[in-house]
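Please read these points with the model open beside you.

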Amino acid sequence: MVGFFRTFIVAAAIAAATATSVAAAPLKVVASFSILGDMVAQVGGDLVAVRTLVGPDGDAHVYQPTPGDAQAVAGAGLVVVNGLGFEGWLDRLTGAAGYRGRVVIATRGVTAQTMVEEDDEGGVSRPGRKVVTPKRIDDPHAWQDLRNGAVYVRNIAEGLAAADPANAATYRARAQAYAAELKTLDGWVRETLEPIPADRRKVITGHDAFGYFANAYGVMFIAPVGISTEAEPTASGVARLIRQIRQEQIKALFVENMTDPRLIEQIGRETGAQPGGTLYADALSGPAGPAPTYVAMFRHNAALLAAAMRRN
Ligand code: ZN
């Protein structure tokens, strides 16, 4: 890692020295992960050239930046990140790239939810659980509430406007139209989930990525892995989860697009919970998949959740 960054500093200096700006060239924007990359593309349109670091089906929690990423950051006119501890690798990357430009923190102004992470017990984390050494950490998955998505969009538009003032009015107008689309979708998600009885609104997922969705739309999620996919679930944690699934008769179970599905599949076999499909948690799908944009992702997840909860 150190060797890579040292090599990179030289590459970054060369990139900076050779970078020239052409008036009509699109603004180069680096987004940390695919959901943000799509949002920037929606707000920026043809005025921006977006480079996404953690691409479709990628896991930003455990990402290892490449020399190419550092080069992209060095040449960027704007960097957009989620914040709330999601991109633990980002400061080193921007430091190594010698990047001194603007960084948009998309969650700025969002009310952060926190969760208790159980380090010693391993993996399982839920709010309000009594633990020996509780550690309260921010939940970074704020995009799973569409109202927060609208905050992201506003922050991105202001970042683009500051980096490219000549086109500020266009960015703001596009952001306003996009936020209106998100508001309509938010209403559709609520209507779709509304008829499902309270005692069926319970699902199992791979890791705790849906805390904001849970609060916004009234669905309970439980998972064998905590807020970050870095944590390894322990046998006792999984056994406890299986007991809870049986006690609460949770029948709907989902794998995630960017994490290993094997543990969830095993939990399904042991509890009889039925596989409901793949939820797009921390990343979009590729262009040919069912969730190539933030809007498509949200629509896909909500429809899949509703179908599985209705069936049970
Ligand atoms: Zn996550």
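1. His61 and Asp282 are both buried, where buried means under 20% relative accessible area, exposed over 50%, and partly exposed in between (1.4 Å probe, protein chains only). This is a predicted model, in which local features need pLDDT of at least 70, side-chain atom pairs count only at pLDDT 80 or more, and totals for chains, interfaces and linings use all residues. Residues are numbered from 1 along each chain as its sequence is written, and side-chain values use heavy atoms, with hydrogens and water left out.

2. The zinc ion is coordinated at 1.9 to 2.1 Å by His61 (NE2), His141 (NE2), His207 (NE2) and Asp282 (OD). Donors are N, O and S atoms within 2.8 Å of the metal (3.2 Å for Na, K and Ca); water is not among the atoms, so sites may look incomplete.

3. His61 sits in the loop between strand 2 (48-54) and helix 3 (67-74), and Asp282 in the loop between strand 10 (274-279) and helix 10, so the pair ties together parts 221 residues apart in sequence. Helices (H or I, at least four residues) and strands (E, at least two) are DSSP runs, numbered from the N terminus.

4. The largest nonpolar core has 79 residues, and Phe213 and Tyr294 have the most contacts inside it. Helix 10 (residues 294-311) gives the most to this core, with 10 residues. Such a core is a set of buried Ala, Val, Leu, Ile, Met, Phe, Trp, Tyr and Cys residues joined through side-chain atoms within 4.5 Å.

5. Asp46 lies in the loop between helix 2 (34-44) and strand 2. At 77% relative accessibility, Asp46 counts as exposed.
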